[in-house]
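Here is a short tour of one protein model, written for someone who likes to look at the details. Have the sequence and the 3D view open as you read.

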Amino acid sequence: MDLVITGGTVVTMDPERRILEPGVVAIEGQRIAAVGPAPLASPPRPAPRTIDATGKLVLPGLINTHTHLFQTLLKGPADDRRLEDWFRQVVGPAACALTEEDCYRAAVVGCLEAIRSGTTTVKDFMYTHPRPGLSDAVIRGMLETGVRGVFVRGYIDDGVDHGVPPALVEPLDGILADCERVAKSYHGAADGRIAVRFGPCMIWTCTREGLVATQRLAADLAVGLTMHVAETPFSVQNALDRFGVGDLALLERIGFLDTPTLAVHCVHLTDRDLRILKARGTAVSHNPTSNMYLAAGVAPIPRMLLAGIPVGLATDGPASNNNQNMIHVLKFAALLHKVHTQDPTAITAEQALEMATIGAARALGLEGEVGSLEVGKKADVIIADLRNVHAAPLHHPVSSLVYAAVGAEVETVIIDGRPVMEAGRVLTVDEAKSLAEAQRAATALLARARIPSPRKRAWRPLAF
Ligand code: FE
């Protein structure tokens, strides 16, 4: 036994959803060796290193099923715009100017934010490749910070007619070659801490030929797929115009969903689309903050949950959020569906937490490894102290975490059995230096991409 966490309230997220007050979590190597009420019936010998979590919460690390780490450099410049303008005026031009250094700095700070707010698994969808090496730079940030990373080698192979900068459109043969290279280089890297998936960006930036070829390559290499699906009415209409069916139905028709797929957003779905998700076991990544920020619409999440469709929560990229704080997403997810359905029972605090832990693990096909505190699973554990003015006084740990906490309550983060943050101090990288370097990179990126500084934007005043 290497590490024992004692004294805390352990929210296991196991099949019985046990909450142990107090409980013990024992870790050996990368995995959880014991979980139970304190004291353990057979205490480990020899006495291991112990973390006293008395008065604190102990939880499985949160899982962010969809972000774009490079957008860590773009928190703010694209605020308050329509999706087309958001992409054409800011995110597209910035993406064209991205360097390896930018992607690395962004990934480090994005992963640090994840760690600080209790996220242990980050799925990054890297879809802009104006030059080689950007995937490697993002993965380097994941490796150095210590997060569990699911890296999606995304791509764009079409869409100039819809405002995609030509520099972001890659030739299909180059895409497939690089997807294979990234999968062979990194899938299973760092003792299995890094996984690779492939990701056509979204229907209006992709060719049908590319979708078919990507699915074939993913099946050959046994890696999963992901794609933005039915995010906006424009996405669905684009598919209808080109193929006579919506984007999800097209994926079904061409066999894309034969490979395990995480469909991101799924806002504008028909009843038939919901049946496709259920029948094909296709999982959904729900990004409530981003959907509100870009006014994309409201995904029918309560209906998906009723149908047993796997749903995981996510932040989406920091250009449409503008942070990576999954504790915020818990609250947004619950509130969005309450107001949308005018039913305060639509999504409960417990369901929100499930969608950020065991539900998210299921959506990523990782439920055998992470998402709950159970013997044999990877030791991805967080400790949070909710005794602050935001969350206290406490009555129920899940209520306080979902509706009252702000994210800064997370003190200690263990990933793969290894502490990456302890008592509020990040142990893997120099946080202050990383922040300073990311700030420099962000300022230089806007200048290089000729994006007007947000400081110069017009103040849109109240009319009084
Ligand atoms: Fe996205």
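## The enclosed space

A cavity here is a set of grid points, taken over the protein atoms alone, where a 1.4 Å probe fits but cannot get out, and its lining residues have an atom within 4 Å of a point. Please keep in mind that this is a predicted model. Counting cavities of 30 Å³ or more gives one. The largest cavity has a volume of about 150 Å³.

Which residues lie nearest the centre of the largest cavity? They are W86, Y127, M202, H228 and E231, out of a lining of 16 residues. Helix α1 (residues 83-96) gives the largest share of that lining, with four residues. Keep H228 in mind, as this residue returns in the next section.

## The iron site

The iron ion has four protein donors: H66 through NE2, H68 through NE2, H228 through NE2 and D316 through OD. These donors lie 2.1 to 2.3 Å from the iron ion. Along the chain, the donors follow the spacing H-x1-H-x159-H-x87-D. H66 sits in strand β8 (residues 62-67) and H228 in strand β12 (residues 225-229), so this pair, 162 residues apart, links distant parts of the chain.

Why is the arrangement around the iron ion irregular? The angles subtended by the four donor atoms run from 88 to 170 degrees, whereas four donors count as tetrahedral only if all angles lie between 85 and 135 degrees. As for accessibility, H66 counts as buried because its relative accessibility is 0%. H228 is buried too, with a relative accessible area of 5%.

## Salt bridges across the chain

Side chains of opposite charge can pair when their charged atoms come close. The structure holds 27 salt bridges. One of them joins E369 and R31, whose closest N and O atoms are 3.0 Å apart. E369 lies in the loop between α14 (358-363) and β16 (381-384), and R31 lies in strand β5 (residues 31-37), so the pair ties together parts that are 338 residues apart in sequence. E369 is partly exposed at 29% relative accessible area, and R31 counts as partly exposed at 31%.

E431 and R116 also meet through their side chains in a salt bridge, at 2.7 Å from N to O. Here E431 belongs to helix α16 (residues 431-448) and R116 to helix α2 (residues 100-116), and the pair links distant parts of the chain, 315 residues apart. E431 is partly exposed, with a relative accessible area of 21%, and R116 counts as partly exposed at 28%.

## A helical pair and a network

E437 counts as buried at 15% relative accessibility.

Elsewhere, D136, R153, E170, D178 and R181 are linked in a network of salt bridges.

## A buried leucine

L269 is found in the loop between β13 (261-265) and α9 (271-280). Is L269 buried or exposed? With a relative accessible area of 16%, L269 is buried.

Leaving out residues up to four places away in sequence, L269 touches A230, L248, L274, L277 and M304. L248 is 21 residues from L269 in sequence, and their C-alpha atoms are 8.3 Å apart in space.

How values were computed: Residues numbered from 1 in each chain as written. Predicted model: local features only at pLDDT ≥ 70, side-chain atom pairs only at ≥ 80, totals over all residues. Heavy atoms only, no water. Donors = N, O, S within 2.8 Å, 3.2 Å for Na, K, Ca; no water. Tetrahedral: all angles 85-135°; square planar, octahedral: opposite > 155°, others 65-115°. Helix = DSSP H or I, 4+ residues; strand = E, 2+ residues; numbered from the N terminus. Buried < 20%, exposed > 50% of the residue type's maximum accessible area, 1.4 Å probe, protein only. Salt bridge = Lys/Arg side-chain N within 4 Å of Asp/Glu carboxyl O. Contact = heavy atoms within 4.5 Å. 1 Å grid on protein atoms, 1.4 Å probe; cavity = no way out; pocket = protein on both sides within 12 Å on 5 of 7 lines; lining within 4 Å. Points joined across faces, edges and corners; volume = space filled by probe spheres on them.
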